[in-house]
Amino acid sequence: MSNPDNPQPAPEAQGSPPPEVEEAPHRPDEDDRANGPWHHVLRSITTGNAAVGVLSVFLAVLVGSVMILATNEEVRASAQYLFARPGDFFSAAWEAISGAYGALFRGSIYNTRVDDFQTAIRPLTETLKFAGPLIAAGLGVGLAFRAGLFNIGGRGQMLIGGAFAGWVAINANLPFPLLLIVSILAGMVVAGLWAGIAGVLKARTGAHEVIVTIMLNYVGYYLVLYALSTQGLLQAPNTINPQSQPIPDEGQLPKLLGDRFNLHLGFVLALVAVVVVWWLLNRSALGYRFRAVGENPHAARTAGINVGRTYILAMLIAGSLVGLAATNQVLGTVTSGVNSGLDAGIGFDAITVALLGRSSPLGILGAGLLFGAFKAGGFSMQASQGIPVDIVLVIQSLIVLFIAAPPLVRAIFRLPAKEAS
């Protein structure tokens, strides 16, 4: 028995090893704080999605430069005697690349070869004009991405929405600005309902939205073509061409800088759409449901979110944004009448814009401006330097390729791997 007057020492006092203290788990941000705030900022930049996007554009431009060299006759000629006179080759290469991207800059941002400021700034207004529908359609694709849906039906949604917007503008006898407002709403609503077909089928039957939206592209195209070829629907009177009447002045988007420039109110509406979608995704309960379903629909359903209804609402809103892009084209950019080519490839380019922007409204804004610059400056490259405009399309495709492979971009530039959040 132990004597209370002479207590036994504790086990630790008898020479037994002290219990090991469990070490706190190592946190990467502790190293960042130890190395200073700038190290933390640099690591955040290099591991973020923005770095991959910027470097993807850089790599695409670099590969595009190689293709420019391959298509330039002077470069190919000087390459035949490269080792005898290397200076000729490098001089021709520099002239080809600098001339191409210089023409791209002059055709999309500022024409440095003219003295009149209004003429010099005109390329920037063309870039903004082209960027407007790309931004709006990119928002439609990006919002669907955030909800876990692949909206590949931008072309059909633009055709249907643009056709209805044009039909209302031509046939509704309303004054300005009421006619313009009604036409825009008609295009957005009808395009949203057209996209909602894919959402309903996804929610009710589980049909894959990629297949449905692709098929709806064909259905929309032939429906619009039929309407444009039928008197009494969209076809202009006394003609056999699949073309509607011109959009009346009361239904056109007003130009922002006067008749000398083509920039119209559609670009402002695209900027408003960016703000609305940002608020929707980041500040509203509906946006939270979109993001939750996009991250994990099973967990969202367990949490009480109606996944099917969320799919339908996401496609309705996404389609209406693509419809806004269609009204931008029909009521602002090409007011000579509705035709079967009104989408101008924007429905598919919007997928690239959404990918480059990482489905973020602000990222889509930047990507839309970049691709608008490509569209505006590509023709200048072809006209002044004789470079095929397809080179710009190749650069756009390479951007998608590199964005789709972030590990490849990180490996090329030896960027640190993205940390799990």
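Helix axes are lines fitted to C-alpha atoms over the stretch in contact, and their angles run from 0 to 180 degrees between N-to-C directions. The model is predicted: local features need pLDDT of at least 70, side-chain atom pairs count only at pLDDT 80 or more, and totals for chains, interfaces and linings use all residues. Residues are numbered from 1 along each chain as its sequence is written, and side-chain values use heavy atoms, with hydrogens and water left out.

**Exercise 1.** Work out how helix H15 runs relative to helix H16.

*Solution.* 
- Start with the axes: those of H15 (residues 361-385) and H16 (residues 390-403) come within 10 Å and cross at roughly 150 degrees.
- Apply the cut-off: over 145 degrees counts as roughly antiparallel, so H15 is roughly antiparallel to H16.
- Now look at the side facing H16: Phe 371, Phe 374, Gly 378 and Met 381 of H15 meet Val 392, Ile 395, Gln 396 and Ile 399 of H16. Contact here means heavy atoms within 4.5 Å.

**Exercise 2.** Decide whether Thr 127 is buried or exposed, then find its neighbours.

*Solution.* 
- Locate Thr 127 in helix H6 (residues 117-146).
- Its relative accessibility is 3%, so Thr 127 is buried (under 20% relative accessible area, 1.4 Å probe, protein chains only).
- Leaving out residues up to four places away in sequence, Thr 127 touches Ser 108, Leu 369, Gly 372, Ala 373 and Ala 376.

Definitions and conventions: Helices (H or I, at least four residues) and strands (E, at least two) are DSSP runs, numbered from the N terminus. Buried means under 20% relative accessible area, exposed over 50%, partly exposed in between (1.4 Å probe, protein chains only). Angles under 35 degrees count as roughly parallel, over 145 as roughly antiparallel, 65 to 115 as roughly perpendicular and the rest as oblique.
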